[in-house]
Amino acid sequence: MEYTKIPRESYTPGEGVNVRWLFTDVINERGYKDLVEIGVFQGKFSRYLLLHTNDTHLSCVDPWAEGYMHKSGNQIPGENVYQFACRRLKGFGDRVDMLRMPSLEGAKTFEDSSLDFVFIDGDHSYQAVIDDILAWWPKVRPGGVLAGHDYGILTRRKHAAMKIVKQEVANVHKAVHTLFDEVGEVVERPGFTRSWWVTKNPC
Ligand SMILES: C[S@@+](CC[C@H](N)C(=O)[O-])C[C@H]1O[C@@H](n2cnc3c(N)ncnc32)[C@H](O)[C@@H]1O
């Protein structure tokens, strides 16, 4: 597949979502409409998805619970992060739904084979990634994509130096391959993103 790079000037200033334009290209090219992001935080990638895709609807799944840490070392209340994400996405109106709940609860609110694109970026522990894949894979339509973040190489020096990020990447990698290799599904890493994706067989 050929990817068309979105011009740099179409990024919102200060919101470098670097190479994730590969996703929006594929979403537009394949005409995907029903999207879900699991693990939304402040809504940066959600906004990017909505901004750069045509006539899509995005469900944002995140419990926005406590435990967010500011770089100063202070805790940030989950409610503040949730409100920030809501403000950021407000302009998209009914193209977006906020599902304030954990991933596995969120999955239960969708019919099987009802979603075109599901992006997992929530709890990065090994068992949580396994559980997320098992819960969301049936929700993806034949021909749709299940994808997730923190899988590939660490391109930013600050990330490569962080033990926790390295561990998360190892967890995601192991979980993805444990499940998909066994059933012969092809795991792709688009371009030089830090993400994985699997296209569900259309038949
Ligand atoms: C790395 S951040 C997501 C960043 C976002 N995807 C982006 O690119 O802008 C991880 C988020 O996952 C959320 N999270 C943690 N456990 C979760 C769970 N079980 N279900 C859904 N989200 C979860 C956290 O609350 C946090 O906001």
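Predicted model: local features only at pLDDT ≥ 70, side-chain atom pairs only at ≥ 80, totals over all residues.

Visitor: Where is serine 113 found?
Guide: In the loop between α4 (103-107) and β6 (115-120).

Visitor: What is phi of serine 113 near?
Guide: Phi of serine 113 is near 55°, which is a positive value in a residue other than glycine.

Visitor: And phi of tryptophan 64, what is that near?
Guide: Near 40°, again a positive value in a residue other than glycine. Tryptophan 64 sits in the loop between β2 (57-61) and β3 (68-69).

Visitor: Is tryptophan 64 buried or exposed?
Guide: Tryptophan 64 is buried, because 22 other C-beta atoms lie within 10 Å.

Visitor: Let's step back. How many helices and strands does the chain have?
Guide: The secondary structure comes to seven helices and eight strands. The chain has 203 residues, and buried residues make up 35% of them.

Visitor: What about contacts in the chain between residues at least 6 apart in sequence?
Guide: Of those contacts, 66% join residues at least 24 apart.

Visitor: Pick a strand. Why is β1 largely enclosed by the rest of the structure?
Guide: Four of the five residues of β1 are buried, so the rest of the structure largely encloses this strand.

Visitor: In which sense do β1 and β2 pair?
Guide: In the parallel sense, over five bridges. Valine 36 has serine 59 in β2 as its bridge partner. The chain goes from β1 through α2 to β2, and this β-α-β crossover is right-handed.

Visitor: Over how many bridges do β1 and β6 pair?
Guide: Over four bridges, in the parallel sense. Isoleucine 38 stands opposite isoleucine 120 in β6.

Visitor: Back to α2. Why is α2 largely enclosed?
Guide: Because six of its eight residues are buried, α2 is largely enclosed by the rest of the structure. The buried residues in α2 are Phe45, Ser46, Arg47, Tyr48, Leu49 and Leu50.

Visitor: What covers the buried residues of α2?
Guide: The cover includes α1 (21-30), β1, β2, α3 (78-89) and β5 (96-99).

Visitor: New topic: how many residues surround the ligand?
Guide: There are 16 residues around the ligand, and the closest are Gly39, Phe41, Phe45, Ser103 and Gly122. The elements that give two or more residues to this shell are β1 (34-38) and α2 (44-51).

Visitor: And what is the shell around the ligand like by class?
Guide: The shell has eight nonpolar, three polar and five charged residues.

Visitor: Last topic, the largest nonpolar core. Which residues touch the most other members?
Guide: Leu35, Phe117, Val118, Trp136, Val145 and Leu146 do, in a core of 41 residues. The largest share of this core comes from β6, with five residues. In soluble globular proteins, nonpolar side chains tend to be buried together.

Visitor: What is tryptophan 136 in contact with, leaving aside its neighbours within four places in sequence?
Guide: Tryptophan 136 is in contact with Ala107, Val118, Ile120 and Leu146. Two of these names have come up already: Val118 and Leu146 are among the residues that touch the most other members of the core.

Key:
Residues numbered from 1 in each chain as written. Near = placed C-beta within 6 Å. Nonpolar A, V, L, I, M, F, W, Y, C, P; charged D, E, K, R; others polar. Buried ≥ 20, exposed ≤ 12 C-beta atoms within 10 Å, placed from the backbone. Pairing = 2+ DSSP bridges. Right-handed = clockwise from strand over helix to strand, strands pointing away. Contact = placed C-beta atoms within 7 Å. Core = buried A, V, L, I, M, F, W, Y, C linked by C-beta atoms within 7 Å.
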